[in-house]
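Hi,

Here is the structure I promised to pass on to you. Have a look at it first, and then read on for what turned up.

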Amino acid sequence: MVQDSRSDARMIMREKNMKFLRRQQREEELEAEIRNHLDEAIRDRIERGESPDEARANALREFGNVGLVKEVTREMWGWGWLERLGLDLRFGLRMLRRNPAFALAAILSLAIGIGANTALFSVANAVLWRPLPYPHAERLVRVGEWNSAAALAALKQKQRAFDGLAAWSARDFMLTGHRAPAHLKGQRITPELLPLLGVTPQMGRAFSAEEFQREGAQVVLISDRLWRSRFSADLQLVGQAVTLDQQRYTVVGVLSPRFDFFPEADLLTPLALTAQDIRQENYYNLGIVARLKPGLTLAQARQEMARIAPSLAAERKALIQQQEQQEKGEIAERFDAQRELRLQPLRDLLVKDFRLTLLVLWCVVGFVLLIACANVANLMLARAANRQKELAVRAAIGARRARLVSQLLTESVLMALIGGALGLLCAYLGVKALLAANPAILPRLSHSAGLSTIPRLGEVAISGWVMAFNFGLALLTGVFFGLAPALQFSRPDLHHALKEGAAVSVKGFRLGLRRSTQNLLVIGEVALALVLLIGAGLLIRSLWRLQQIEPGFQPDRLLTLQLEFPAFRYRDEAQVLSFITQLSERLAALPGIESVSAADSLPLSRVGNMGSITIEGKSDLKSTPDDLPLGSAPPPPPMAPPGAPGSGFIGPSAFYSRVSPAYFRTLGMPLRQGREFEPQDRRCSLPVAVINEAMARRYWPGENPLGQRLRADGVEWRTVVGVVGNVRRFALEDQPAPEFYMPILQPSDLTGSSAGACNKPPDQAQVRGKGKVFITETVVMNSTATQGRASYISLMVRTSVQPETVADTVRKTVWELDRDQPILQLSTMQARLDEVFAPRHFNLLLFGVFALVALLLAAVGLYGVLAYSVAQRTHEIGVRLALGAQTCDVLWLIVRQGLGLTLLGVALGLVAAVALTRVLQNLLYGVSATDPATFAGIALLLLGVAFNASFIPAQRATKVDPMIALRHE
């Protein structure tokens, strides 16, 4: 029975479809049938003696309304709604052609709003919502932050929550023998990683089990990016050997371009963990990823981690006690379940820094779309008011209200769909521009450094889902802005509208409780525009204040480069210093170069060293949070404030750098007291130090610091010989912190090298508890992996010409000394400063562009409402002028109405801005999210724009001729 009903339904549907497909034929048959019926009736009447004209008239009267008969017949055929839709669409297109100015203004407004939202959706869809391109990606989790090999082994033995565990460890390589030497970022991976992720190379093969043995073959998988940029997409590369760290590695495969688990990695190598690695509990350098067992929730997995945490903590405690009894130099860190066992979904971990950014940007473009909708709704209201007579005629001849609403909504949806199609083109171009742009300028909504890449950026595209979103948004937008005009004008006043020459009746401006729909839309436009303008204003003030900060050095005409000296090539510090000395002498002799200096780190480099210090005669000094350059930035996560548990600092602390004698002069740092370093400040000479002003004020307030002595980490006393100005170590927002400098030619045990026979070596008790490396980025810049440490030295070259002109000469000079020496970074200091400002410039650009668009749309909307009001009140204005009203009175009448609407919008927008701009707080520097000056200035700016938008139609109103206006009425 059910089968029969389904067959009947299919037959009925098939019949309707066939009828629809043969609609033209059926129309012709209907026309012929009606014509034959009328002809027969006319012939019958003529035969009865009526004249042809009289017979025709009587036959038509007897037959009835031909159009109504056709309409009823078509309804019986089915698909009548589709025919009406086609008629409405054709009529809507004709109306748009008849009003090109109106159509262009409305469609462009909608294209801007819909296109921006579509572009943001394409990014959010790829970054936030689309599953990761791995099998069962929803079950992938990151375990802890960084772990040891022992923790990985313990997890494999004790856990019952995962059906797979894999690990990786970062390691950099030096590529030589193929064009210029290059520094490459690499990752060592365990055998389980690629199978766990379901990744296979696009060329070649993955690693075999034998290659994960300690004595296995040296093999490498290279990224698609490196394959194309360095090896010119050589199809014969697989199986060939490349030289990495002066060892031959065989390329066994090329990874897919969609493999972005390691976004910045150039290559992968096998990670062979030995029993010795597992015993090194104090060596934290492993990242761990796992896949939850089927059916296991994240909460249940976290309970499992809580179950095994006590046993891991007990094992770690026993190990620490054993190491302390054996008086080992390095002690394993205490177990921290939050750091070592915390589970985070892999997708959330990848996009957490972008989620808030995208949501805020979406709010911005959403505001723009709302303003555009309000603008178009106002235009539709004005246009529908001018069509009242047409709508009244339709109603008078029998059109129902639903039919009129359908017609008006069809026209608005048609405009929205055209705007959406144009917006889709804008979104496509915007996505192309995003993919072509440098991702380093895309910001985080935090005070951390700008990102080097966006996760899954390559997956951003105009896909089917994006087009569906565009269509749905356009459809919803068309209904949204078209509903108010359709409802308001679908019930026309027939008595008034059908009078010959009758004026169109619309509501005027009322600022009380009975506001018109147009007024409410204008108020909403002004409020939304004000919120965006205040956000842009706050960003402008913040950027201006940041640009007023003195970095503490002179960035102009300063070239910087960073060199890496791996331990397998430079066995001791003397070799590194010899190379730096020779290179500095050669560069200084080149034309256009004024001075050359070297240092282990640069200002604004996000990398630095920090250690405990002892001030002679001030043993009671304690560390305070002011010793860190926090300023307005959040503290770097890898290290606690000095004096805090686990921070490693008990007494006072300071940053330190090793620099060459010409450092302060080359960098342009002012010398406040004493002297700079000299070439004589080297091994076996008096240990000296130069401090900055912040350190002088912090530890020697009201005293002369020259001649004072400090000891770093209990190693040796150094005499202060100079005081220099403060520099911003990590970020311009940071407040200057205590910092001292040591001669690079005067080695010290503080930096891990020996001072030789000139200095007495410290005992073990003094060395234990040395200062930690202060890292504000996730990439450790002062060490590589298993083959020993590497020295990183930065050179600064002060030029008398534009620094870009000597860059090639500097590069050639480096390779003349060592043709295998990679240059990690070669750029001007001004370019580094530009990178600091780039995220804020980008934020300002986004907010500024959309805020200006919103301001323009709000001004156009206000102008349109006032201009329409003036046109509708021509008779009233003529009467006022005829009764003696002055021009200024009429002018003020119209301007007052516009300013009244604007003031209401400003009041509403200020309240909204106070609540919404707080999300921008992390983007601001030196400016509150509720800064009164910005709020007041933007409000005055908006009132000024509103005055100008009101003045033009007001001035037109003063030119109304009373006689013409009264005669027209």
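Two rings of Phe, Tyr or Trp (for Trp, the six-membered ring) pair if their centres lie within 6.5 Å. With that in mind, Tyr134, Trp168, Phe259, Phe261 and Phe262 form one aromatic cluster. Please remember that this is a predicted model.

Across the structure there are 18 aromatic pairs. One of them joins phenylalanine 121 and phenylalanine 469, which are stacked, with 4.2 Å centre to centre and 5 degrees between the planes. Phenylalanine 121 sits in helix α6 (residues 100–129) and phenylalanine 469 in helix α16 (residues 464–489), so this pair ties together parts that are 348 residues apart in sequence.

Another pair, phenylalanine 173 with tyrosine 249, is edge-to-face: the centres are 6.0 Å apart and the planes make 80 degrees. Here phenylalanine 173 belongs to strand β2 and tyrosine 249 to strand β7 (residues 247–254), so the pair ties together parts that are 76 residues apart in sequence. Both phenylalanine 173 and tyrosine 249 are buried.

Strand β2 leads on to the sheet. Strands β2 (residues 162–176) and β3 run antiparallel and are joined by eight bridges; alanine 170, for instance, has glutamine 187 in β3 as its bridge partner. The hairpin of β2 and β3 has five residues between the strands, and glycine 177 there takes a positive phi near 85 degrees. Strand β3 also runs parallel to strand β8 (residues 267–270), with four bridges between them, and arginine 188 stands opposite threonine 269 in β8. How much of β3 (residues 182–189) is buried? Seven of its eight residues are, which leaves the strand mostly covered.

Helix α27 (residues 932–957) has 26 residues and reaches 37 Å from its first C-alpha to its last, close to the 38 Å expected at 1.5 Å a residue. There is a kink of about 25 degrees in α27 at phenylalanine 951, shortly before proline 953. The buried residues of α27 include Phe935, Ile938, Leu942, Ala946 and Pro953. An α-helix has 3.6 residues a turn, so residues three or four places apart point the same way.

Best wishes

How values were computed. Residues are numbered from 1 along each chain as its sequence is written. This is a predicted model: local features need pLDDT of at least 70, side-chain atom pairs count only at pLDDT 80 or more; totals for chains, interfaces and linings use all residues. Side-chain values use heavy atoms; hydrogens and water are left out. Buried means under 20% relative accessible area, exposed over 50%, partly exposed in between (1.4 Å probe, protein chains only). Helices (H or I, at least four residues) and strands (E, at least two) are DSSP runs, numbered from the N terminus. Two strands pair if DSSP finds at least two bridges between them. The expected span of a helix is 1.5 Å times one less than its number of residues. The bend at a residue is the angle between axes fitted to the seven residues ending there and the seven starting there. Rings of Phe, Tyr and Trp (its six-membered ring) pair if their centres lie within 6.5 Å; planes under 30 degrees apart count as stacked, over 60 as edge-to-face and the rest as tilted.
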